[in-house]
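Me: Could you take me through one part of this model up close, starting from a single strand and its partners? I'd like to hear how it sits among its surroundings, and then what else is worth a look.

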Amino acid sequence: MARIDIAGLTKSYAGRNAARAVDGIDLAIADGEVMALVGPSGCGKTTTLQLLAGFLKPDAGTITVGERVVSSPRNVVPPEKRRMSLIFQSYAVWPHMTVFENVAYGLHVMKLSRSEIEDRTTKVLQTVRMTDLAHRYPSELSGGQQQRVALARAVVVNPETLLLDEPLSNLDANLREEMRFEIRRIHDTTGITMVYVTHDQTEAMVAADRIALMRAGKIAQIGTAYDIYEKPATAFVATFVGGTNTLPATLVEPHTVEFGGAKLKVRDDFDPAARGPVTLCIRPHEIGFAEWTGDDGLGYRENGTNRLAGTVLRQTYLGDARDYLIDLGGTQIRVAAPPTVDRTVGSTVHLDVPVDACRIVPGD
Amino acid sequence: MTSATAPRRIEGARSFDLGPVFFIGAVVVLGILVIVPIGWLLLISVQTPETGGITFHNYVEAFTTSIYLRPIVNSLILAVSVATIAALLGTPLAWLIARTDLPGRKMLRALVTAAFVTPSFLGAEAWILLAAPNSGWLNRAIASFTHATHGPINIFSLGGAIFVMALYNVPYTFTFVASGLELLPVELEDASSTLGGSAWRTMRSITLPLVMPAIIAGFIMSFLEAIAEFGTPAFLLIPARAQVVTTQLYLFFQFPVRTELAAAYAMPLLAVTLLLLIVQRRILGRRKFTMVGGKGGRRRLVALGKMRWPLLAMAFVIPLCSVVLPYLALLATSLSRIWSTGPVPGNLTLYWYRWAIVENPETRRAIFHSLEYGAAAATIATVIALLIAYMANRRLFPGAQALGIVCMAPFVVPGIVLAIGIYAAYSHPPLLLYGTAAILIIAFTTRFLPIAYSNLNTMVAAINTDLENAARTLGASRMRALRTIVAPLLRRGLLASWLLVFIPAIRELSSAIFLFTPRTATMTTQIFDFSDAGNYEGVSTLAILILAITLVIVSVAYRFLGKDFMETTST
């Protein structure tokens, strides 16, 4: 087991658009931690994983495992010498070997005794509940079963680190949920360090201790699921994790922004030097409809809420909620209301937002 | 009831459905092309020619007479050797080109393609020029160097035939293995690396087993090619008086013609072909890759380091022998007044081209015939294949899918066997076609119909029925939908099919040799006659013309149809 330190890691692919796939990222992963790399496609998370596995050579920066520098522009320890197992998005279960042979492969490479190979393979197949299918070929397995084989094959060699590349993206929703917990369970029994790449924030929240949210080759924010959801550092983070309305506002006083002519109290504050244009983030389900009381009394009110006024542009009944699109005089806002709240399109409405639900992030 | 059906009948009468007409037409044409010849082949093999009575005497004579047994042994030696050598050369070559940073990979690949489109009998002709015992250029060069009276190489031998045929069979294994390596998901090898497998271990435990079906498929293709090949053994082994099955079949057609004996003698060829193709299909069908939604990954090439240049030199020997030297030999000979003098100033001339194209009516006619028969066969095969592929895919008629199987049937019939069947069927009334162009066109169409069919079948299957149904919901009839929706979508496929029949048809020798008469000679039969008579300038000139036509067509097709058009139907 070992901690992983990534420092200034940079990689560009050769080609006409030599944009950096990974652009100087720093990341420290503690021993036994599960770190999720999350982000939209093309954000560099898979490249980072390939660099970690040793398939790619960095242009700059280093990867250190424990005390050992395993990747630098000068030298890359090859994948077979890194003691890192990788679970591929496509599972990469070898079609010409049975389940048992697939799992035993890494043990054969380690030149273990026949009986030890037998023991360890049998045991890990029990762990992933594949004992009955040990002598099947992969073409006779379902996607979920192949996934288990890939998992067993990766952990049976007791790697220092387990890398997972979108491991659940090819499974259907039910199986995905089950496997999320399965992976977490394997972590909790082995204590192995894991780096988990996914584009699915829920998957990351279930499986990971901490999440590194990536965008355009850089890390946008690192933190626990709670941190990232509750304290997004940028509008991108807030939008990507959980979804949010972003409204242009101006920070004018401590904890106070001006939006649409009204003054609103917000949860966060910046240095006096950073006052000026900010982005106001409000999640759709944190907004409530209020009774119409006339145009006076907009903005912050003494009961701890901010009041906004707008016109209903569209509403959609979703069974467990109603999805509203409301025009606030130029900017539009989504509101997730309880299904019983029924406002007709075109009507003028008041909205109440608790101060704690109003976050601000830098930017325009 | 009557009132309900009446309006429908009127509607049906207005737009008369041509479908059944096409269906019956297709059945008749397929009968002439495939069913009658194969039927006659089977029939005459068990008939006494004089009385027409049923007998097994033909089989007894064919397989107990000792002089007829030696060719079978020779054929097996030839085919096993050719397939083994071709697979042993083709596999590493494919790996070097598909997976390493070998310099000149593109050039090598282009040269392998050139060898693929070169008929091996032209290679045999070229190697006669290079390595005939006394007069071959390589032999003379070596002899003058060693002051020997004879050169060391004798191309007129079983070894010589194996050498030449192996060279031209390398592309089969190469193509299968290279595309296997390219389709092999990179994760399968990466997974081995992450589990500690060294590069060598990964190659041995993962890569090689996964491409083994491709290697075996290549071996089988080469074996079948070699055992059914007529041209190369005819040119290299008839002078050596070492017969193989195909040349023995040719001898049965010399006076007195023993068609019934030939039919019986050809049966093992048919059986072996059928059997091995079934085996091949089994092998390729098993243990399918069950990869789902992989990213494909960026393929990292294996760095060869210092071995790059020595390996390039070794790899280059293959195309050197199959393309560079043979093409140079044929070109130089076609440009020489007398080939034995060699391509020296004063001996250079364009005479033979003028002779072949303008002055000599014999060759002029042959060139015209090759193009004419090739074009006719390509057109007929494409039309029939389209109709049947469409009917079979859309299940328009009960039995339409059976017609598809009939279309593919000639695939298991070697050209030479097919020629015997066609000869047997059409050399007497009611359809006396021997001596006409029609019999050659039938032979070419039938031989290459499976190529056109499998190509178009894939293409038609890929067109979603909804595209057509959308047109029909908007009021278009089936024929109109076929014309305005399906045909335009198939344009590439139709052109590709046409070319895929035309190209082999203009180079076809093994069935033409049984069916031509002097009035219907083609370029290839003319080459055979010239070779027999020792006119190697004439041989070379016609060979260069065939190769030039082929290369022009292939390069034009590459441009318009993309690089993979030859490969889609090679499996």
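**A strand with two partners, and beyond**

Reply: Start with β14(A), which is joined to strand β21 (residues 359–362) of chain A by 4 bridges, the two running antiparallel. Strands here are DSSP runs of E with at least two residues, helices are runs of H or I with at least four, and both are numbered from the N terminus. Two strands pair if DSSP finds at least two bridges between them. This is a predicted model, in which local features need pLDDT of at least 70 and side-chain atom pairs count only at pLDDT 80 or more, while totals for chains, interfaces and linings use all residues. Residues are numbered from 1 along each chain as its sequence is written, and chains are lettered from A and ligands numbered from 1 in the order in which they are written.

Back to the strand. β14 itself covers residues 276–282 and is mostly covered, with 5 of its 7 residues buried. Buried means 20 or more other C-beta atoms within 10 Å of a residue's own, exposed means 12 or fewer, and partly exposed is in between, with C-beta atoms placed from the backbone.

Now look at another strand of chain A. β3 (residues 34–38) has 5 of its 5 residues buried. In a regular strand the side chains alternate between the two faces of the sheet. In β3(A), A:Val34, A:Ala36 and A:Val38 point one way, and A:Met35 and A:Leu37 point the other. β3(A) runs parallel to strand β8 (residues 193–198) of chain A, joined by 5 bridges, and A:Val34 has A:Met194 as its bridge partner there. β3(A) is also parallel to strand β9 (residues 210–215) of chain A, through 4 bridges, with A:Met35 partnered by A:Arg210.

Zoom out and you see an open sheet of 6 strands in chain A, ordered β6-β7-β8-β3-β9-β10, with mixed pairing. Its edges are β6 (84–87) and β10 (218–223); each has a single partner strand, so one side of each has no neighbour in the sheet. From one strand to the next the twist averages 20°. β6(A) and strand β7 (residues 161–165) of chain A run parallel and share 4 bridges, and A:Met84 stands opposite A:Thr161 of β7(A).

Across β6 and β7 of chain A lies helix α4 (residues 143–155), running at about 175° to β6(A). Axes are lines fitted to C-alpha atoms, for helices over the stretch in contact, and angles run from 0 to 180 degrees between N-to-C directions. Of the 13 residues of α4(A), 11 are buried, so this helix is largely enclosed by the rest of the structure. Among those buried are A:Gln145, A:Arg148, A:Leu151 and A:Val155. Their cover includes β6, β7, α2 (99–109), α3 (114–127) and α5 (173–190) of chain A. Contact here means C-beta atoms, placed from the backbone, within 7 Å. The helix length checks out too: at 1.5 Å a residue, 13 residues should span 18 Å, and the end C-alpha atoms of α4(A) are 19 Å apart, which agrees. The expected span is 1.5 Å times one less than the number of residues.

25 of its residues are in contact with 24 residues of chain A. On the chain B side, α9 (186–194) and α10 (199–228) are the elements that give two or more residues, and α9(B) gives the most, with 6.

Elsewhere in chain B, the axes of helix α2 (residues 19–45) and helix α18 (residues 415–426) come within 7 Å and cross at roughly 85°. That makes α2(B) roughly perpendicular to α18(B), where under 35 degrees counts as roughly parallel, over 145 as roughly antiparallel, 65 to 115 as roughly perpendicular and the rest as oblique. Residues meeting there include B:Trp40 and B:Leu41 of α2(B), and B:Leu418 and B:Ile422 of α18(B).

Conventions
Two residues are in contact if their C-beta atoms, placed from the backbone, lie within 7 Å.
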